[in-house]
Amino acid sequence: MSGFKTLMAKAIAFDRANVDTDQIIPKQFLKRIEKTGFGKFLFNDWRYQADGNLNPDFELNKEENQQAAILIANENFGCGSSREHAPWALMDYGFKVIIAPTFADIFHQNCLKNGLLPIALPKDQVRYLLDSAKVQPYQLTIDLAEEKVTDNKGFSTEFTIDQYWKSMLVNGWDEIEITMQLDDKITEYEYAIR
Amino acid sequence: MGKSIIEKIWERHLVHQEDGKPDLLYIDLHLVHEVTSPQAFSGLRVKNRKVRRPDRTFATMDHNIPTDNRNVINDKVALNQMTTLEKNCRDFEVPLAGIDSPDQGIVHVIGPELGLTQPGMTIVCGDSHTSTHGAFGSLAFGIGTSEVEHVLATQTLWRTKPKTLKIDIKGERQKGVSAKDIILYILANYGFDFGTGYVIEYSGEAIREMTMEERMTICNMSIEGGARAGLISPDETTFSYLENRKYAPKDEAFNTAVEDWRALASDEDAAYDRVISIDTNDVAPMVSWGTNPAMTSKVHESIPKLADCETEIDKKSLERALTYMGLQEGQKIEDIEIQHVFIGSCTNSRLEDLRQAADIVKGRQVHPNVRALVVPGSQQVKWQAEQEGIDLIFKEAGFQWRESGCSMCLSMNNDIVPSGEHCASTSNRNFEGRQGSGARTHLVSPTMAAAAAIHGHIVDARKLMAAETVQ
């Protein structure tokens, strides 16, 4: 995982609540044994029509929404199944940041593990961002070090992120490697509970 | 100040604490299945790492396994995933209940059934319904594939202490009201994400009277309220369920374990971040009509009206759900026609679930417009049901009697509901496309599913129950 510092990119509106991981990546694509290549299946059932053609009404298919790296959505984003294929698909498609009022727990954690930054902001701020992003081009700057989201119209806000996860993201560390440095402690625990 | 079971389990599993970091928790049991593990094993191989404790790891295949003819797997991609799990288990010395094992089944059915699941444990699995195991008084939660790899390599996880939510389930259940109805009722009243950031402890007299199977149904759907884990303090019901199970402690060791387990129960004066109280008397058979599990009503009610929505987002969600489901606002729940019935899944595929459904089905016939499936949760459940003749009751009524697996709960195998058709399902999620692209799911209890199979539409199962059962 490479480090995440700042990002200036196109942000698009995905004005839906309770987007579940079954929608983000439907189960028929979970049979693959790789972590890559899930982007073309992202939001499959919404994104494509029954005949396989793109659904022109779907947010991600609109011409002005192409090449976005920031997705702005409504509350409880990523609810449901624990499938990590969901962040894999979002990242493979090109997203690097998801902004929403709230995230489901497992999805939130899965994002952090993969370097996809989930930013929770108050509802009214997300509403502003959703409305702004409906008029493209719209760009946001995400500064992870400063914990700030800004646009070019004068909007600026701070977000909070767990400092442990922040350092993991900024440095792109391998969590397993870090834990393995505590091998003695784990062994000691295992000895005690024998 | 006393402690809750959640705090007690947490403290028992602390490996390391450090300022500015989550706690490092030891994981007692890691359950593994074919869909969320291959990338984790690949990760171990790349870094030349081992599975730290194969003896605390147990694998099975359930998600994409066929439930009709197991000798023929036509889906080559699915087959590859299964053979990959076999190879991974062989290479890393992880025990596996594979396709030919008498212990095979849905991971959340076989854990308890084999006595792998025990009170006080921390249990994880790359599956969100791991919360099921909380019924035994264990802290059990779903994880993603990166954490599957982390647990395989280190037998630990970094975790920030969750908030605690107590749901006190008071009063006596009306006859014909199941555990599934109670958890659906909670979701219908408190929504789809009220539990986010919390671990739920279910307590109260209604919980104490429940069997282990019923408690598992309740804890299973904690995640549908957003809570990663839901648990119940262990009691005599828990201990007697576990006695003589394959991997449970035996003889003197069992007695010692019970003493230890008893001490886990939440103290009377334990504090919680939030407490909710449910009056069981108000619960009726429940039916989901929308596209998330909180979009649920009592069987004799009607689908809500757009005008009654409190917010614009609610209104939009309702509109979208009604369009997807092909239903009208204000429509009576009992008027919803059903073309498919699925009795199965980690929520409701245990012997008791099948017995209850069979009681409704006995001597009746599946409606000609309905395709009805029973998919037992495990090979053991299937075998036991066959010993009791339950399979015959279903088959004579026109149900298909299948092999164990996740099946139509998420339709990764070929058990799929066609687009636009309605399925009364004992599973846990009614998301768009969950049972197949365009499939319309109605979450119900086993008895409600059985009743829908007979009538071809949603119906209050109590009308079909023997008089002495309902009263």
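The model is predicted, and the domain assignment of chain B gives domain 1 (5-274) and domain 2 (288-470).

**Contact between the domains**
- The C-alpha centres of domain 1 of chain B and domain 2 of chain B lie 25 Å apart, and the contact takes 36 residues from domain 1 of chain B and 39 residues from domain 2 of chain B.
- On the side of domain 1 of chain B that touches domain 2 of chain B, α4 (107-113), α6 (179-190) and α8 (212-220) of chain B each supply at least two residues, with α6(B) giving the most, namely five residues.
- The residues of that side of domain 1 of chain B comprise 12 nonpolar, 14 polar and 10 charged.

**Annotated cysteines**
- An unreviewed UniProt entry places the feature "binding site" at Cys346(B), Cys406(B) and Cys409(B), which are spread over 64 residues of sequence but cluster in space, the largest C-alpha distance being 8.6 Å.
- Cys346(B) lies in the loop between β15 (340-343) and α12 (351-361) of chain B, and it counts as buried because 27 other C-beta atoms lie within 10 Å.
- Not counting residues up to four places away in sequence, Cys346(B) touches several residues, among them Ile106(B), His108(B), His129(B) and Gly377(B).
- Cys406(B), in the loop between β17 (400-401) and β18 (422-425) of chain B, is likewise buried, with 33 other C-beta atoms within 10 Å.
- Neighbours within four places in sequence aside, Cys406(B) is in contact with Asp62(B), His63(B), Ile106(B), Ser345(B) and Met412(B).

Definitions and conventions:
Residues numbered from 1 in each chain as written. Chains lettered and ligands numbered in written order. Predicted model: local features only at pLDDT ≥ 70, side-chain atom pairs only at ≥ 80, totals over all residues. Domains from an automatic or database assignment. Contact = placed C-beta atoms within 7 Å. Helix = DSSP H or I, 4+ residues; strand = E, 2+ residues; numbered from the N terminus. Nonpolar A, V, L, I, M, F, W, Y, C, P; charged D, E, K, R; others polar. UniProt positions renumbered as here; feature names shortened; annotations may be inferred. Buried ≥ 20, exposed ≤ 12 C-beta atoms within 10 Å, placed from the backbone.
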